Amino acid sequence: MKTTNLILLACASVCATALAENTCCGAWPEGKDPAVISARITDQFLSGRPEDYHPQGYHGNKGYGWKRSVQYSVVSLWLNAIECARLRGDKEREEKLVRLFDDFLPGGKLSFCCSRPYHVDDTIFGALPYEIYLGTKEPKYLALGNYYADTQWTPPCDGTVKERHALPREKQEEFWKGEYTPQTRLWIDDMYMITVLQSQAYRATGNRTYIERTAREMCLYLDELQLKEGPAKGLFYHAPDVHYVWGRGDGWMAAGMALVLDRLPEDSPYRARIMSGYRLMMETLLRFQRADGLWNQLVDRPEDPRNWGETSCSAMFAYAFVTGVKRGWLPKESYGPAFRKAWLALCDHLDEFANISDVCVGTGKKDDLQYYFDRPRVNGDPHGQAPMLWISSVLLEKK
């Protein structure tokens, strides 16, 4: 079995190299092609438990889930591990990842770890059974995904009002009347969480309602939050009352726009607005990329000696770059080399267990510049592991 696995990875590596060359990225150095990297990161994930995230070699905070839930970044890591395994033709790892979910199905011994569908960070859980359904076509996975996606677009209720950081009921009612989800908060990370779930629903069902409503939501966030002027034009403050361009916060928006554009039909009335916001952000990010290929913890402050290269946002921005290059939205002459530089730098931050280093810990907003510079750096955090698989999935695909 191990010999067969190595042959499959070698074949996938050849295909990935050919795809890289077609996107103006060039051939990969040994050990840095997406087939090998995605398999290593998958093995890192499989060495632990999704509801109690402490994989081999992990040195971070106290972990995620605490045997009570599957945290949003772990959900993303898991579902993209499945996608990458499928793209590599790696049946052995795909089967392990899918079977790992069985205990979380209704009636399973870990079903209590399935998140409630009333908060954007929790509702993303539904994207995972959708990914499994896309490979297995088993109705039980589709039904579970639909439960989360459909609940996200139902009227405000006690569940949405009582959630953490929830807006008052009257504000939720206002968003609902405007055809937005009552889970709307106008936090920049929302537009990855919402987009993943609703676009997965579209992939699984073919119902355009799902992708169109998330696109409409994206336009609201762009109109309300994207900076319209200054050196950081096109980027986003961490919060309206905190005027700092925090890397991972902006990474969620960059990735969310790339993802929705990738799945949104060409004739969508929202496509032009999102493409405009996406290209504006990419242009500014290109200017702020560091010489070593990464981006800074505070993106728009390259001269501050307290700043440092942060890997989770760098992987998110790299994903947005390579998606744009492969789809023809961004000129490959400039964005192709920028992506390659970022990918190679990120690979250099992986340890022997495929834990990526220099990931900023989870960060709430604070109107204090030093607060962002002082945030602890960890390795193996799923906020950094997951976007490495996003990138790999784009490079491994055959379309």
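**Contacts and a cavity**

Modeller: Let's start with Glu 212, which counts as buried at 14% relative accessibility. Bear in mind that this is a predicted model.

Colleague: OK. Which side chain does Glu 212 meet in a salt bridge?

Modeller: Arg 208, with N to O at 2.5 Å. Both residues belong to helix 11 (residues 208–225) and sit four residues apart, about one turn of the helix.

Colleague: And Arg 208, is that buried or partly exposed?

Modeller: Arg 208 is partly exposed, at 31% relative accessibility.

Colleague: Which parts of the chain does the salt bridge between Asp 241 and Lys 365 tie together?

Modeller: Asp 241 and Lys 365 have their closest N and O atoms 3.2 Å apart. Asp 241 is in the loop between helix 11 and helix 12 (247–263), while Lys 365 is in the loop between strand 3 (359–360) and helix 16 (369–373), so the bridge links parts that are 124 residues apart in sequence. Asp 241 is partly exposed, with a relative accessible area of 45%, and Lys 365 is partly exposed too, at 48%.

Colleague: Which residues are joined into a network by salt bridges that share partners?

Modeller: Asp 43, Arg 88, Asp 90 and Arg 93 are joined into one network that way.

Colleague: How many salt bridges does the count come to?

Modeller: The count is 32 salt bridges. Among them is Lys 140 with Glu 138, at 3.6 Å N to O. Lys 140 is partly exposed at 42% relative accessibility, and Glu 138 is partly exposed at 30%.

Colleague: Switching to rings. How many aromatic pairs does the count give?

Modeller: It comes to 25 aromatic pairs. One of them is Tyr 53 with Tyr 64, an edge-to-face pair with 6.2 Å centre to centre and 65 degrees between the planes.

Colleague: Where do Tyr 53 and Tyr 64 lie?

Modeller: Both are in the loop between helix 2 (34–46) and helix 3 (72–88), so the pair ties together parts that are 11 residues apart in sequence. Tyr 53 is buried, with a relative accessible area of 1%, and Tyr 64 is buried with 6%.

Colleague: Why do Trp 78 and Phe 104 count as edge-to-face?

Modeller: Their ring centres are 5.5 Å apart and their planes are at 70 degrees; planes over 60 degrees apart count as edge-to-face. Trp 78 is in helix 3 and Phe 104 in the loop between helix 4 (91–99) and helix 5 (120–123), so this pair ties together parts 26 residues apart in sequence. Trp 78 is buried, at 0% relative accessibility, and Phe 104 is buried as well, at 1%.

Colleague: Which aromatic cluster are those two in?

Modeller: Trp 78 and Phe 104 share one aromatic cluster with Phe 45, Phe 101, Phe 125, Tyr 141, Tyr 147 and Tyr 148.

Colleague: What about charges over rings? Which ring has Arg 185 over it?

Modeller: Trp 187: the charged end of Arg 185 sits 3.9 Å from the ring centre. Lys 171 also lies over a ring face, that of Phe 175, at 5.0 Å from the ring centre.

Colleague: Last topic, then. How many cavities of 30 Å³ or more are there?

Modeller: One cavity is counted, and the space in the largest cavity is about 80 Å³.

Colleague: Which residues lie nearest the centre of the largest cavity?

Modeller: Tyr 118, Thr 160, Ala 166, Pro 182 and Gln 183, out of 13 lining residues. The lining divides into four nonpolar, six polar and three charged residues.

Technical notes
Residues are numbered from 1 along each chain as its sequence is written. Side-chain values use heavy atoms; hydrogens and water are left out. On a 1 Å grid over the protein atoms alone, a cavity is a set of points where a 1.4 Å probe fits but cannot get out, and a pocket is an open set with protein on both sides within 12 Å along at least five of seven lines; lining residues have an atom within 4 Å of a point. Grid points are joined across faces, edges and corners, and a volume is the space filled by probe spheres set on the points. Ala, Val, Leu, Ile, Met, Phe, Trp, Tyr, Cys and Pro count as nonpolar, Asp, Glu, Lys and Arg as charged, and the others, Gly among them, as polar. Rings of Phe, Tyr and Trp (its six-membered ring) pair if their centres lie within 6.5 Å; planes under 30 degrees apart count as stacked, over 60 as edge-to-face and the rest as tilted. Helices (H or I, at least four residues) and strands (E, at least two) are DSSP runs, numbered from the N terminus. Buried means under 20% relative accessible area, exposed over 50%, partly exposed in between (1.4 Å probe, protein chains only). A charge sits over a ring if NZ of Lys or CZ of Arg is within 6 Å of the ring centre and within 35 degrees of the ring normal. A salt bridge is a side-chain nitrogen of Lys or Arg within 4 Å of a carboxyl oxygen of Asp or Glu.
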